[in-house]
Each structure stands twice: as structure tokens, then as C-alpha cells.
Amino acid sequence: MTRVIQMAALAWLLAMAAVPAWGQAQPQPTYSAKVPPSIVTPDTVQTRIGTLKFFDGLPDLATVQKVYDNLDFARGVETFLSGLPASSVRAACEGLDSVGIKRNQGIGITENLMDARSLFLTPNSTTVYVMMCVDLKDGPVVLQVPPGVLGPVDDAYFRWVTDIGVTGPDQGKGGKYLFVPPGYPGDLPKEDYFVAKPRTHGNLIFFRAFVKDGDIAAAVKGVKEGTRLYPLSAAANPPQTVFVNTSSKQFNTISSNDSHFFEELNAVIQAEPADAFDPETVGLFASIGIKKGRPFAPDTRMKEILTDAIAVGNATARALVFASRDERTKYYPDRQWSTFFVGGSYLFMDNGEMMLDARSLFFYYGTGITPAMAEAKPGTGSTYAFAVRDSMGRYLDGAKTYKVTLPGPIPAKDFWSFTVYDEQTRSMLETDQKLAGLDSTHSTVKANADGSVTVWFGPKAPSGQEGNWIQTMPGKGWNTLLRLYGPLQPWFDKTWKPGDLERVD
């Protein structure tokens with residue numbers, strides 16, 4: 001028994017010797033605080049990233065590695081969600097460049113409308129699109145626009161700069177816009193320009209030219225006769241503007257969902273002034289190695305973490321769009337129709353709160369930002385509602401047939417439209433129908449006897465409904481956007497409601 005006691009005492013002495021003197025039991029100090037348990041770190045903590053171990057609050061080596069891996073991962077996810085606006089603008093401009101629409105000199109135009117061959121985030125197929133990018137690093141750029149168009153100018157972080165056309169300062173009369181670089185020290189001309197001063201060199205411009213009486217050629221002609229793009233330095237003798245017909249061209253304007261995303265974002269940071277983005281955003285990107293003036297060169301460990309982060313970030317964005325947990329995304333509490341402008345703010349602000357999830361939702365799903373989209377007024381602009389689920393809350397299935405009824409009168413002064421989109425690309429659904437949708441200007445669209453309109457979606461048109469049918473594809477999910485151009489008061493006060501998409505088995 002004595003031998004056992006001796007061995008136990010020796011073991012205790014050896015253990016104490018392994019602990020620093022300051023870690024052994026000490027007499028109570030004369031000046032001692034009453035330390036609440038809430039500010040003390042236990043020696044062992046169980047978490048979702050594993051067991052974390054400490055000695056008197058000091059993390060051991062394994063814990064340090066775990067928390068830094070987790071920090072880099074979390075910031076990688078957040079960089080994806082917060083960097084979407086920047087990568088999206090760059091992808092659009094790079095895509096346009098790939099088909100000959102060069103910055104400051106080329107203008108793309110859908111002379112035969114848009115179809116699924118061209119990859120854009122949620123475009124429509126009912127209006128003529130006019131698209132271009134400007135780069136102000138070499139000085140101011142002039143854009144002359146024709147009368148009667150509608151669209152925004154957004155900077156390299158998809159922040160609204162100005163509208164052009166009907167909702168812009170030219171009020172639909174046309175005119176010249178002068179885009180001035182950040183910090184530009186030179187003199188500006190005295191003649192009449194609508195002057196805009198973006199915070200970035202890169203800017204994306206697109207507007208719609210509306211088709212009247214089905215005359216697409218007339219809309220295109222008006223754009224080509226009234227649109228010019230050139231550097232201010234060449235204003236005395238402007239070069240010829242190059243127009244590129246993008247209709248049916250196969251090209252991509254959507255940013256990556258894999259690790260290439262970080263390279264795309266890095267390209268934006270390198271191209272723009274250091275203060276073009278707010279310091280917290282710049283700091284977030286820098287925390288994973290995307291820093292102006294330095295190469296983005298993650299090591300093997302960081303590459304593995306960022307590859308994982310982009311997968312989770314992409315999944316997060318898809319959950320925000322297709323399975324939102326924010327009740328504010330519902331346009332009607334008793335319908336499946338949603339809005340991507342939560343709270344009606346194009347800045348995604350709510351009483352001092354930046355609605356981070358709402359911002360990520362929009363920029364993962366859509367392109368272009370303007371107050372005219374989020375804050376439309378009766379009779380002007382356009383409004384949007386999207387649906388990804390049927391009346392029973394099920395995802396929309398391309399193999400099934402659905403119908404939706406719009407009660408009459410439909411509150412759109414100009415026209416309304418539906419377009420169907422691919423869940424993967426968020427671009428037009430690839431089908432045998434060129435327009436991937438329909439609108440109320442189509443002569444084939446027929447109203448019901450009570451003034452309502454029923455639209456059908458499915459692989460095949462129901463008998464007698466060919467003119468009111470939009471094709472979907474078996475094996476593919478899909479979602480749809482309902483657009484109202486010139487929305488009227490019943491839309492805003494919600495006394496008018498579209499029906500839900502009902503599956504017809």
C-alpha cells in the first residue's frame with residue numbers, strides 16, 4: 001500500500017513539474033476580481049469545427065490551425081457573396097468583348113431580339129437590348145442616346161450611376177451623357193451634357209429600345225441612327241461607332257461559380273482605384289489574398305480552402321434565391337411570387353441595415369440596378385415578380401404542365417410578359433421556342449371571356465392553347481419572371497394578384 005502511495009505521489013510531482021509555475025495553483029491574490037464565467041475560456045470547447053483546447057485561455061497549436069482554416073473559409077464564402085456585383089459586371093463586359101464589342105467603341109444590339117444561345121442573367125426576349133461597356137482610365141467618355149429608350153448605367157461594383165432615357169435626365173428625349181473618371185483633374189466642356197461621375201473606371205451600360213406595332217427593324221434603326229460612343233478627346237471628330245448584332249450569338253456574360261471566381265474578382269480589384277470600394281469590402285477581399293498591387297497567388301492550403309468556400313458560397317446563393325428564409329421576399333403572403341428587391345430598395349437598405357442576403361439574392365439572379373426597377377411609380381418603369389415553385393410549394397418541373405391566370409384587367413399600361421429561365425445559368429431556358437416566353441403584344445395571346453389571361457407552361461402545348469403556351473423541357477427545372485411595363489396602381493396597392501402556377505396532372 002505504501003508503494004502505491006509513493007508511486008501516486010511521484011506521478012503527481014511529475015505532472016506538476018510539466019506545468020509552468022504560473023499555471024499551478026497559487027494563493028489567492030490580495031487584489032482579486034470577481035470574474036464572471038462568461039468571460040473565461042474553458043480548457044476544452046466542443047464546436048462544429050472540432051474540439052478546441054486552451055491552457056488558461058491560450059490556444060494550442062491544433063486549435064490555432066483549426067480557427068485560421070475556419071476564418072479563411074468563412075471569409076472565402078463571404079467574399080463570394082459580397083463580390084458577386086463586381087464579378088458580374090466584369091463577366092458582362094468580358095462577354096461583350098469576346099464578340100467584338102470593345103470598351104469605349106463598340107455597342108451590342110439584339111437586332112433580332114435575344115434567345116437562349118446568349119448567356120445573360122435573366123434577360124427578356126420582348127425588347128431590343130443595347131449594351132456596351134466604358135473604361136474611363138484614359139479620360140471622359142461620351143455616350144449619345146436616342147429618344148424613347150430606357151436603361152441604367154452601373155459602375156464596376158454594380159452601383160447605380162444614372163439612368164438614361166425615359167427615367168434619366170434626358171426624360172426620353174435623347175441627348176449626350178458625359179462620363180467622368182474618378183478624381184479627374186481636367187476641364188470639362190461647357191456645352192450641354194448630362195454629366196455623371198462614377199466611382200470606378202469600368203461601367204456597364206444597357207438600355208432597351210421598345211418595339212412598337214411589332215416593328216423590330218424600326219426600333220433597331222432608331223438606335224443606330226441616334227447612338228454614338230467615343231472618348232471626349234475625340235469629340236471634334238468622333239470615330240465611327242461599331243454596332244454588333246448579338247442576336248443568336250453563342251457567348252457568356254455570367255461569372256463563375258467555381259474557384260475561377262476569385263481570379264475574376266481579383267481582375268476587378270487590380271483595374272480599379274484603391275478607394276473605389278468601401279474599406280471593409282476591400283479588407284474582406286484582401287484577407288484572402290485579393291489585394292490591389294499584389295499578385296493573387298494562394299498556396300496549396302489556401303487553394304483547398306477557397307475551393308471549398310466557393311462551393312458553399314454558391315450553394316448559399318442558390319438557397320437565398322430559390323429557397324429564401326426571408327419572409328420579406330414574398331410579394332404576397334398567400335402566393336408563391338417573390339420580389340428580388342426586398343423592401344423596395346435598390347440599395348438593399350432598411351432603416352440603416354444593409355440587407356446582405358437580399359443583395360446577394362439579386363446579384364446572383366439578375367443584372368442591372370436602378371431606382372426605376374425597385375421604386376417604380378404608377379404608369380412608369382417596370383416591375384418584376386419571380387416564381388420558382390408551384391401553388392403547392394414544389395419546385396417547377398420541366399416535364400410537367402402548369403397554368404397561371406392573370407386576372408383582368410392586368411395593371412400594365414404598356415405591356416406584360418413572361419420569360420422562363422434555366423435554374424443552372426439563370427439565363428433563358430434552352431427550348432425549341434426562340435423567345436423563351438411571350439408577352440401581351442403577341443397577336444397569338446388570347447384573353448379569356450372575363451378579360452383574364454391564362455398562360456400555359458409545359459413540354460407540349462395543350463390543345464387549343466398554342467398561342468398562350470411557353471415551352472419547358474423534361475429533365476430541367478425552371479423559374480419564371482412576370483414583368484409589368486408601366487405598372488398601374490392595383491399592382492402597387494396589391495389589390496391585383498396574379499394566380500399561382502398550378503400543376504395540371
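Student: Leaving aside its neighbours within four places in sequence, which residues is Ser255 in contact with?

Tutor: The model shown here is a predicted one. Setting apart the neighbours within four places in sequence, Ser255 is in contact with Ser87, Ser88, Ala91 and Glu264. Ser255 itself sits in the loop that runs between strand 15 (251-252) and helix 4 (260-271). Its relative accessibility is 12%, and because buried means under 20%, Ser255 counts as buried.

From here we can turn to the cavities. Helix 2, which spans 61-98, is among the elements that each supply at least two residues of the lining of the largest cavity. The structure holds three cavities of 30 Å³ or more, and the largest of these has a volume of about 370 Å³. Its lining is made of 33 residues, and those nearest its centre are Leu121, Tyr129, Phe206, Arg208 and Thr367. Sorted by class, this lining has 20 nonpolar residues, ten polar ones and three charged ones. Besides helix 2, the elements that each give at least two lining residues are strand 6 (128-135), strand 8 (149-155), strand 12 (202-209), helix 8 (371-374), strand 18 (382-387) and strand 24 (478-487). The largest share, four residues, comes from strand 12.

Strand 12 therefore deserves a look of its own, and eight of its eight residues are buried, so it is largely enclosed by the rest of the structure. Gly202, Leu204, Phe206 and Arg208 point one way from the strand, while Asn203, Ile205, Phe207 and Ala209 point the other way, and all are buried. Strand 12 is joined to strand 6 by eight bridges, and these two strands run antiparallel; within this pairing, Val130 has Phe207 of strand 12 as its bridge partner. Strand 12 also pairs with strand 8 in the antiparallel sense, over five bridges, and here Leu150 stands opposite Arg208 of strand 12. Arg208, as noted above, is also one of the residues nearest the centre of the largest cavity.

In the loop between strand 11 (194-196) and strand 12 lies His201, which is buried, with a relative accessible area of 16%. Apart from its neighbours within four places in sequence, His201 is in contact with Val134, Asp135, Leu136, Lys137, Pro181, Pro182, Ala271, Glu272 and Pro273. Lys137, one of these contacts, lies in the loop between strand 6 and strand 7 (141-145). At 53% relative accessibility, Lys137 counts as exposed, whereas His201 is buried. The side chain of Lys137 makes a polar contact, at 3.0 Å, with the side chain of Asp135. Lys137 and Pro182 are 45 residues apart in sequence, and their C-alpha atoms are 8.8 Å apart in space; both Lys137 and Pro182 are in contact with His201.

Finally, some details of the backbone can be found in loops. Gly408 and Pro409 are joined by a cis peptide bond, with omega of about -10°, and Pro409 has its place in the loop between strand 19 (401-406) and strand 20 (412-422). Arg426 belongs to the loop between strand 20 and strand 21 (437-439), and it is buried, with a relative accessible area of 4%. Lys494, likewise not a glycine, has a positive phi of about 65°. Its place is in the loop between helix 9 (489-492) and strand 25 (502-504), and at 35% relative accessibility Lys494 counts as partly exposed.

How values were computed: Residues numbered from 1 in each chain as written. Predicted model: local features only at pLDDT ≥ 70, side-chain atom pairs only at ≥ 80, totals over all residues. Heavy atoms only, no water. 1 Å grid on protein atoms, 1.4 Å probe; cavity = no way out; pocket = protein on both sides within 12 Å on 5 of 7 lines; lining within 4 Å. Points joined across faces, edges and corners; volume = space filled by probe spheres on them. Nonpolar A, V, L, I, M, F, W, Y, C, P; charged D, E, K, R; others polar. Buried < 20%, exposed > 50% of the residue type's maximum accessible area, 1.4 Å probe, protein only. Polar contact = N/O pair within 3.5 Å; in protein donor to acceptor, adjacent residues only side chain to side chain. Contact = heavy atoms within 4.5 Å. Pairing = 2+ DSSP bridges.
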